[in-house]
Amino acid sequence: MGLYVETSIRGGMDELWERSQDPAQHQRWDLRFTSIGYLPRAEGEPQRFRYATRVLPFLSVDGTGVSAGERHRDDGTRVSALRFASEHPLSLLAEGSGYWRYVPGPDGIRFLTGYDYRPRWGRFGALADRLVFRPLMGWATAWSFDRLRLWCERGTPPGLALARAIGESVLRALLCAAALVYAPTAVALLVLAAALLLPPLPGTPAARRCLRTPPGRTPASAPRLLSTLEPS
């Protein structure tokens, strides 16, 4: 899998499962999606869904997917897998697949994801994906995971967490601007370094709190459940 993100969440397994599997709750914390909705299905079939992401105030790109989950496993873990695709002409993402794992432990639940996708638009799309889109997707996934962690651990609603992140970013930007205008060069450089390097406040989501490579840097394997899903 091309992208990997992991966090540890001190909370209940059932609550984490619902907030990540229920579309109405999932779309509240995941920065990558504006809306997620299940499509009708027959009993026994994998769940199909439709998603949309707003890229501009009046422009959204959408796609479809299929998912399945294993909520009760002998080792106490849970897993879900999905395949997704978009036919929207403005979507760089053509198709992909991924999984989520829920691994209980003494310090909380290891909540992790691995996913990859195929970009469109030929060589231009591959270059744009490598330089811009893929790093942005990795950051957005990690930031969203930390927002979910704050929701489960502290009870911070996702909307409030976003407001805190925006407010803190604006404050740091204003402090930098004021230092550049009014402070001596040495002081201004210190303020700029602090604004860039100091971690966000504990109640503010931060992508840097998540792991971006598997522990031990060993490749993460996709669950067998993924092989049972047909392309969306």
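Among contacts in the protein (heavy atoms within 4.5 Å) between residues at least 6 apart in sequence, 58% join residues at least 24 apart. The model is predicted: local features need pLDDT of at least 70, side-chain atom pairs count only at pLDDT 80 or more, and totals for chains, interfaces and linings use all residues. Residues are numbered from 1 along each chain as its sequence is written, and side-chain values use heavy atoms, with hydrogens and water left out.

The protein has five helices and seven strands. These are DSSP runs, numbered from the N terminus: helices are H or I with at least four residues, and strands are E with at least two. Along the sequence the order is β-α-α-β-β-β-β-β-β-α-α-α. The C-alpha atoms fill a box of roughly 65 × 45 × 35 Å, taken along the principal axes. The radius of gyration, taken over C-alpha atoms, is 19 Å. Of the 232 residues, 41% count as buried. Buried means under 20% relative accessible area, exposed over 50%, and partly exposed in between (1.4 Å probe, protein chains only).

Helix α4 spans residues 158-182 and has 25 residues. From first C-alpha to last it reaches 36 Å, close to the 36 Å expected at 1.5 Å a residue. The expected span is 1.5 Å times one less than the number of residues. Buried in α4 are P158, A161, A165, E168, R172, C176 and A179. An α-helix has 3.6 residues a turn, so residues three or four places apart point the same way. The cover over the buried residues of α4 includes α2 (23-29), α3 (122-154) and α5 (185-197).

L226 lies in the segment after α5. This residue is buried, with a relative accessible area of 6%. L226 and A179 are 47 residues apart in sequence and 52 Å apart in space, C-alpha to C-alpha.

The largest pocket has a volume of about 1000 Å³. Of its 41 lining residues, R32, F33, Y51, T53 and M137 are the closest to its centre. A pocket is an open set of points on a 1 Å grid over the protein atoms alone, where a 1.4 Å probe fits, with protein on both sides within 12 Å along at least five of seven lines; lining residues have an atom within 4 Å of a point. Grid points are joined across faces, edges and corners, and the volume is the space filled by probe spheres set on the points. Helix α3 gives the most to this lining, with six residues.

Key:
Rg over C-alpha atoms; globule rule 2.2 N^0.38 Å.
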